[in-house]
Amino acid sequence: MLSSLAWTLPLLLFISTPSVAYWKGFNIPANLPSGACKTREDWARDFSTLHTLPGDFASARLFASSDCGTLANAVPAAIAANTKLLVGAWATDNVHYEAEKKALLQAIQQYGTGWIVAVSVGSEDLYRNDHSASALASQIREVKSLLCERGACGIEVGHVDTWTAWVDPKNEDVIRACDFVGHDGYPYWEGASVEGGLNAFRTNLEKTRSVVNRVKPGTWVWVTETGWPVTGANFGAASSSIANAQAYWKSVACEIFQGAHTFWYTTQDFASSPSFGVLGPDFKPLYDLSC
């Protein structure tokens, strides 16, 4: 395990003043572990559970707007639970994209905008090579325009992608279009040990921030996905276990919550392998989530 001094010094590069309030939450899927779509009651349980965790998490990231009736079911549950949402809208496949925009605008028409943290147009499209940078940038600007037409110009619109996509010069048009940049980084998938993974996370986050600050100074980089699996196969030097997930949380989560808007991956995915979920089937934490 890295020494506390080795961990603290690099943090000075990206922790802001303690007076700044940061969003902290979890990525939450629209499907139950069984694969079934979540109901409003399922979303209500998700959001109420977040508030019971150490630190009282009051925000969540959703991957879609129309899939499984995500916003139709999640928004009223979030409002009732005083939970704010980083809304996702899939950008790949024009039919899907149109359905996502429609669902988002319908939710705004029905519930206003007080429940929205921000909107992410697409998720890891650049990493998958699903879109050109210019096409994705155009979609981001379009969603911003649609929101502004409805009196919601103040809502930030951005994109979520891997750090490797953000440091690629061919994707700089997307950075210019974004109000915020969502950084996904998984040292596990890079085959790093937990000890090496801590340094890998810091290094790659700084790489993203350096590029963003050069391309569009002043744009905030949010940590939109990171985590460590509790079960699943080893990947290079990375091994999944509750102990390693606990170590990664204590070292990474407890620090970045103080210096960046952060959405951890994930609440529940115990039917997946590897499984990154922090909650078991009984909705109780698998390890200590205090900081």
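Me: Strands (E, at least two residues) are DSSP runs, numbered from the N terminus. In this predicted model, where does Pro-274 lie?
Reply: The model is predicted. The peptide bond from Ser-273 to Pro-274 is cis, with omega near 0°. As for its place, Pro-274 lies in the segment after β8.

Me: Which residue does a cis peptide bond join to Tyr-265?
Reply: Most peptide bonds are trans. Here omega is about 5°, and the bond is cis.

Me: Is Asp-93 buried, partly exposed or exposed?
Reply: Asp-93 lies in the loop between β3 (84–89) and α4 (94–111). Although not a glycine, Asp-93 has a positive phi of about 75°. Buried means under 20% relative accessible area and exposed means over 50%. The value for Asp-93 is 47%, so the residue is partly exposed.

Me: Is Phe-283 buried or exposed?
Reply: Phe-283 is found in the segment after β8, and its phi is positive, about 70°, although it is not a glycine. The cut-off for buried is under 20% relative accessible area. With a relative accessibility of 18%, Phe-283 therefore counts as buried.

Me: At what angle do helix α9 and helix α10 pack?
Reply: Two packed helices are described by the angle between their axes and the distance between the axes. For α9 (residues 194–215) and α10 (residues 242–256), the axes are 10 Å apart, and the angle is about 25°.

Me: Is α9 roughly parallel or roughly antiparallel to α10?
Reply: The two helices pack at about 25°. Angles under 35 degrees count as roughly parallel. So α9, relative to α10, is roughly parallel.

Me: How many residues does the largest nonpolar core have?
Reply: In soluble globular proteins, nonpolar side chains tend to be buried together. Among the residues with the most contacts inside the largest core here are Phe-47, Trp-115 and Trp-249. α10 gives the most to this core, with eight residues. The number of residues in the core is 77.

Me: How many residues are in the second, separate core?
Reply: This core includes Leu-86, Val-117, Phe-180 and Trp-222. The number of residues in the second core is six.

Definitions and conventions. Residues are numbered from 1 along each chain as its sequence is written. This is a predicted model: local features need pLDDT of at least 70, side-chain atom pairs count only at pLDDT 80 or more; totals for chains, interfaces and linings use all residues. Side-chain values use heavy atoms; hydrogens and water are left out. Axes are lines fitted to C-alpha atoms, for helices over the stretch in contact, and angles run from 0 to 180 degrees between N-to-C directions. Helices (H or I, at least four residues) and strands (E, at least two) are DSSP runs, numbered from the N terminus. Angles under 35 degrees count as roughly parallel, over 145 as roughly antiparallel, 65 to 115 as roughly perpendicular and the rest as oblique. A nonpolar core is a set of buried Ala, Val, Leu, Ile, Met, Phe, Trp, Tyr and Cys residues joined through side-chain atoms within 4.5 Å. Buried means under 20% relative accessible area, exposed over 50%, partly exposed in between (1.4 Å probe, protein chains only).
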